Amino acid sequence: MDGVHDLGGIEGFGPVEAPPSEPVFGEDWERRALRVNMAVLMAVQTSGGAFRHSIERMDPAHYLGSSYYEHWLTGSSTLLVEAGVVTQEELERRAGGRFPLSRPDRGGAPDVDGDRTEPRFAVGDRVRVREWHPPGHTRAPRYVQGKQGVVARVDGASNLPDVEAHGGKKVLNPTYSVRFTARELWGEGGADGTTVHVDLWEHYLEADG
């Protein structure tokens, strides 16, 4: 879905500052948040797509003003409440105050005609990423939508997360590594000779020319 979480390739946010000796966990509560997340995913038997979508549904101001593991904690807690395991009131009693959750899921699975395992495209084919703006989950980054690229590698079929995130149904779809020029993605701001490879499901692609 479109939202403030989809920051890849968007100007104005500056470089990612990565300390050379960055620890896996900056604070001890982050270690606990990871453990909680693993327990929640096993308890509610949800998919990776549904978990990602629980984070995408965060209030934009909350998302931008919170850390990586707070995103995880918000998403996991939202899934627990939606599964009826716990209530928001119970979470707030334990937290001693307001416990924000993600907004309700307003999306839905796209209409896909069953499994596809045979790839439509081959290495060297020119493709264009469909320009969609679904209210639900998608793994097609906004900055490549509508852009032209070349298939650089054909991978196996994998579950389409756009479907799996909404109801848990598994539908196989071929995947590809698609090569884009920086100029195609960012116009004059893209450096000459620089390319970007993006892994994409066939569901997102159409033949270009």
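Modeller: What follows sets each label against its rule.

Modeller: This is a predicted model, so local features need pLDDT of at least 70 and side-chain atom pairs count only at pLDDT 80 or more, while totals for chains, interfaces and linings use all residues. Residues are numbered from 1 along each chain as its sequence is written, and side-chain values use heavy atoms, with hydrogens and water left out.

Colleague: How many helices and strands does the protein have?

Modeller: Seven helices and five strands. Both are DSSP runs numbered from the N terminus: helices are H or I with at least four residues, strands are E with at least two. From the N terminus on, the order is α-α-α-α-α-β-β-α-β-α-β-β. The C-alpha trace spans about 60 × 45 × 25 Å along its principal axes.

Colleague: What makes β1 and β2 paired strands?

Modeller: Two strands pair if DSSP finds at least two bridges between them. Strand β1 (residues 126-129) and strand β2 (residues 148-159) are joined by three bridges and run antiparallel. The rule asks for at least two, so they pair.

Colleague: How many bridges join β2 to β3, and how many link β3 and β4?

Modeller: Eight bridges join β2 to β3, again antiparallel. There, Arg153 stands opposite Ser177 in β3. β3 and β4 pair over seven bridges, in the antiparallel sense. In that pair Arg179 faces His197 of β4.

Colleague: In what order do the strands form the sheet?

Modeller: The order is β4-β3-β2-β1-β5, an open sheet with antiparallel pairing. β4 (195-201) and β5 (205-207) stand at the edges with a single partner strand each, so one side of each lacks a neighbour in the sheet. From one strand to the next the twist averages 40 degrees. Its axes are lines fitted to C-alpha atoms (for helices, over the stretch in contact), and angles run from 0 to 180 degrees between N-to-C directions.

Colleague: Why is Asp162 called buried?

Modeller: Buried means under 20% relative accessible area, exposed means over 50%, and partly exposed lies in between, using a 1.4 Å probe and protein chains only. Asp162 has 3% relative accessibility, so Asp162 counts as buried. Its place is in helix α6 (residues 161-164). Leaving aside neighbours within four places in sequence, Asp162 is in contact (heavy atoms within 4.5 Å) with Ala109, Pro110, His137, Thr138, Arg139 and Tyr204.

Colleague: And is Gln45 buried or exposed?

Modeller: Gln45 is at 67% relative accessibility, so Gln45 counts as exposed. Gln45 lies in the loop between α1 and α2. Gln45 also has a positive phi of about 55 degrees, although it is not a glycine.

Colleague: What makes α2 mostly covered?

Modeller: Seven of the nine residues of α2 are buried. They are Gly49, Ala50, Phe51, His53, Ser54, Ile55 and Glu56. These residues pack against α1 (28-44), α3 (60-64) and α4. Strand β3 (residues 172-181) is mostly covered too, with seven of its 10 residues buried. Across the protein, buried residues make up 38% of the 209 residues.

Colleague: How do you tell a pocket from a cavity?

Modeller: Both are found on a 1 Å grid over the protein atoms alone. A cavity is a set of points where a 1.4 Å probe fits but cannot get out, whereas a pocket is an open set with protein on both sides within 12 Å along at least five of seven lines. Lining residues have an atom within 4 Å of a point. Points are joined across faces, edges and corners, and a volume is the space filled by probe spheres set on them.

Colleague: What is the volume of the largest pocket, and which residues lie nearest its centre?

Modeller: The largest pocket has a volume of about 660 Å³. Of its 25 lining residues, His5, Arg52, Glu56, Thr138 and Arg139 lie nearest the centre. α2 (48-56), α4 (68-82) and β4 each supply at least two residues of this lining.

Colleague: Which residues line the largest cavity?

Modeller: Val129, Arg130, Trp132, Pro134, Thr138, Ala140, Gln145 and Tyr204. The volume of the largest cavity is about 30 Å³.
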